[in-house]
Amino acid sequence: MNKVALITGATRGIGRSIAVQLGKSGYKVAVNGTKQVLIDEVVREIRQAGGEASGYSANVADPVAVSVMVEEVIAKYGHIEVLIANAGNLQDQKCLRMTDEEWKAVLDVHLNGTYYSIQRVLPHMRQTGGDILLMTSTAGLTGSVGQVNYSAAKAGILGMMWTLAAELKRDEIRVNAISPAALTDMTRPVIDHLKEKHASRNEPFPEFWRIGAPEDIATFVNAVLSETDADLTGEIFAVNGSKVTKWEKPAPAFSENSIEAFFAAWHRQKGSE
């Protein structure tokens, strides 16, 4: 194994677990975060397990910082075969009360940060081929009340993924998205709130919110990177524990040749549901 994997947001939760797992699997891991002390901890953990890693402090919302980071990784290793755009944040709020700063903060990290990371890595990855894994969410697939900024960013990442999967296939670069369900620092407050809410109502905790661990996501990432099928691109994989679900790209549901016929068909379908 001589592949280099750059992982953004690799100091906590899912990103950290992926970094450690890939380090154990023989990847040279470029660990990104915004706090040097946490970056150093992950690098040390990988090295202590016998892996090779180096750390890079950069806010992915800053295009200049991303450019510098990528060039530093190239200067050290000479190539990048894997990019995992995992960096994220939350600023949850109902739309009516959301501030411009809360909207922008989430879009800047999730959507812009993903774009900057891809765009800066691509000139180097085109020389070797490789894999780009993007993190989406059920919020981007189905929406999520109180997360209009996060939902918009995660849905935007899917559009980016489908476009780049087609655009980069000739360069032997696969682009896929993962919708992870795992108990992390980011999700734990939501899970705890829901547990209290359902307990206070004497209601069973919804099966949907019984989620796995970050290590489960890391195991899947390692597995999908090990697959050699060039057609394994443009896909969405939802991962919760050992359960993996493939989501389909949206497709037309029905068409009619007039507005009247369309709404008549819509009402018929609604009545049959």
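**A tour of pockets, cores and strands**

Start at the second largest pocket, which holds about 290 Å³ of space. This is a predicted model: local features need pLDDT of at least 70, side-chain atom pairs count only at pLDDT 80 or more, and totals for chains, interfaces and linings use all residues. Residues are numbered from 1 along each chain as its sequence is written, and side-chain values use heavy atoms, with hydrogens and water left out.

**Stop 1: the pocket.** Select Gly129, Gly130, Asp131, Glu172 and Arg174; of the 18 lining residues, these lie nearest the centre of the second largest pocket. By class, the lining has 5 nonpolar, 5 polar and 8 charged residues. (A pocket is an open set of points on a 1 Å grid over the protein atoms alone, with protein on both sides within 12 Å along at least five of seven lines; lining residues have an atom within 4 Å of a point. Volume is the space filled by probe spheres set on the points. Strands are DSSP runs of E, at least two residues; helices are runs of H or I, at least four.)

**Stop 2: the largest nonpolar core.** Select Leu6, Val73, Ile80, Ile118, Ile132, Leu134 and Val175; of the 36 core residues, they touch the most other members. Elements that each supply at least two residues include β1 (4–7), α3 (63–77) and α4 (100–125). (A nonpolar core joins buried Ala, Val, Leu, Ile, Met, Phe, Trp, Tyr and Cys residues through side-chain atoms within 4.5 Å; buried means under 20% relative accessible area, with a 1.4 Å probe and protein chains only.)

Now centre on Ile80. Beyond its neighbours within four places in sequence, Ile80 is in contact (heavy atoms within 4.5 Å) with residues including Val4, Leu6, Val121 and Met125.

**Stop 3: strand β4.** Show residues 82–85. Val82 and Ile84 are buried on one side, Leu83 and Ala85 on the other. In a regular strand the side chains alternate between the two faces of the sheet. β4 runs parallel to β1, joined by 3 bridges; Ile84 is the bridge partner of Ile7. β4 also runs parallel to β5, with 4 bridges; Leu83 stands opposite Ile132.

**Stop 4: the cavity.** What lines the largest cavity? Select Thr8, Val60, Ala85, Asn86, Ala87, Val109, His110, Gly113, Thr114 and Ser117. The space inside is about 40 Å³. α4 gives the largest share of the lining, 5 residues. The lining has 4 nonpolar, 6 polar and no charged residues. (In a cavity, a 1.4 Å probe fits but cannot get out.)

Terms used
Nonpolar A, V, L, I, M, F, W, Y, C, P; charged D, E, K, R; others polar. Buried < 20%, exposed > 50% of the residue type's maximum accessible area, 1.4 Å probe, protein only. Pairing = 2+ DSSP bridges.
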